[in-house]
Amino acid sequence: MMTDFLTKASRQVRPRRLQSGMSLIELLIGILIGLVATLAISNLFSGFEARKRMIAGGADAQSSGVLALYYMQRDAQNAGYGLPLYNSTDPSPLLCPINTSINQAGVVINLSPVVIVDGGTGHDIVRIRYGNPASGGASMRATGVMSGPSLDGRLIGCQENDIVLFHQIPSSPNCSLARIQKLNADRTINTLTELNTAPTESPVTNLNGADWVRFSCLGAWNQYEYTVNAKQELTRTGGTSSSTPFPSSAAVPVASDIVALQAQYGIANTPDPASTSATAAKYLNRVDEWVDATGTYGASISLLDRNRIRAIRIAVVARDGNLQKNIVSQQCTDSAQGVSKVCIWKNDAIPANVNLSNIANWQRFRYRTFEVTIPLRNVIWNRDAL
């Protein structure tokens, strides 16, 4: 009986080495390893997503900045198209009185191909003017009086509602602008309107004087205006030959995430050393200095100073729309380590700062700046008697 009892007891008690399962310590170590792996994968994925957002945001800013410059450069390269060109001994139409103007749907527009309106600490405005005549600025002799001029030949490339320039050439040019309201069947002028709608210093009245008078068709002489709106979009407002000329046409956004627009004139200061006469002095066709559209080159710019303009340069600042956790941008004059500076005119000895304080948390966004220099190539700027 004792033997049976021992045999039964030995069957009920298993050896310790035959028991299966994990201990508590082993379970905790496994959980810890799993947590570490999950955390590493999450951090890797988060970093990848942040990098992807940064690249995508940078690409968007790149596209916006390039597109903004494309539109403005395209128009600026046409600045002055349609103004008649004369030979080297005749004064340019840009020697007309600077207030030789015409009223375009409520806005007085003169002959200046490019006008910059300084925005102070805000955005500048760039206004670009050019025509679209099929004649490309060709001119012909005009006689008679302004109300009923006679031309040496038929109009070529002119349409009704086009703007025309009468340019008289004495020692100080007299100029007038008008609009062709009606043409005769033989394409001679029937009716001119809007003669001298803005005061001019020396309007042309009698076309039979001793000094010859030229007539040129400018086509639709309007202006295209670029600025940045409150939604941080670059907008283009423009006049056309349609029924909605400037300023009735709507401001059309052409590029998004543009937070700043700045522009300057490139002027020539140095007279040609070969000149021997002050009245015959020519300013070299080069840029000696870049200036803001303030003071001498502001709204009351003189004819002499206007005709020193050789080029313009434009800078736009595009924003990456991703708000960062930390400060990633600073002013051009600041010096924090590891933080990008927002500067324009980078090739100057002292780059300029851009005021972005109107943007909430502006330092937590990344920015890209774009610049372009545009020679004013469609008009002969360096003329005699500047």
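Which residue in β10 stands opposite Phe166? In this predicted model, that residue is Phe215.

β7 has antiparallel pairing with β10, residues 213–219, through 6 bridges. It also pairs with β8, residues 174–183, again antiparallel and over 6 bridges. In that pairing, Ile163 stands opposite Arg179 of β8.

Arg179 brings me to the charged pairs. The search of the whole structure gives 5 salt bridges, and I will go through some of them.

Arg179 pairs with Glu194, with the closest N and O atoms 2.7 Å apart. Arg179 is buried, at 15% relative accessible area, whereas Glu194 is partly exposed at 27%.

Next, Glu225 and Arg127, where the closest N and O atoms are also 2.7 Å apart. Glu225 is in β11 and Arg127 in β4, so to speak distant parts of the chain, 98 residues apart. Glu225 counts as buried because its 15% relative accessible area is under the 20% cut-off. Arg127, at 24%, is partly exposed.

Last, Asp348 and Arg313, with 2.8 Å between the closest N and O atoms. Asp348 sits in the loop between β18 and β19, and Arg313 in strand β16, 35 residues away in the chain. Arg313 is buried at 8%; Asp348 is partly exposed at 29%.

Notes
Residues are numbered from 1 along each chain as its sequence is written. This is a predicted model: local features need pLDDT of at least 70, side-chain atom pairs count only at pLDDT 80 or more; totals for chains, interfaces and linings use all residues. Side-chain values use heavy atoms; hydrogens and water are left out. Two strands pair if DSSP finds at least two bridges between them. Helices (H or I, at least four residues) and strands (E, at least two) are DSSP runs, numbered from the N terminus. A salt bridge is a side-chain nitrogen of Lys or Arg within 4 Å of a carboxyl oxygen of Asp or Glu. Buried means under 20% relative accessible area, exposed over 50%, partly exposed in between (1.4 Å probe, protein chains only).
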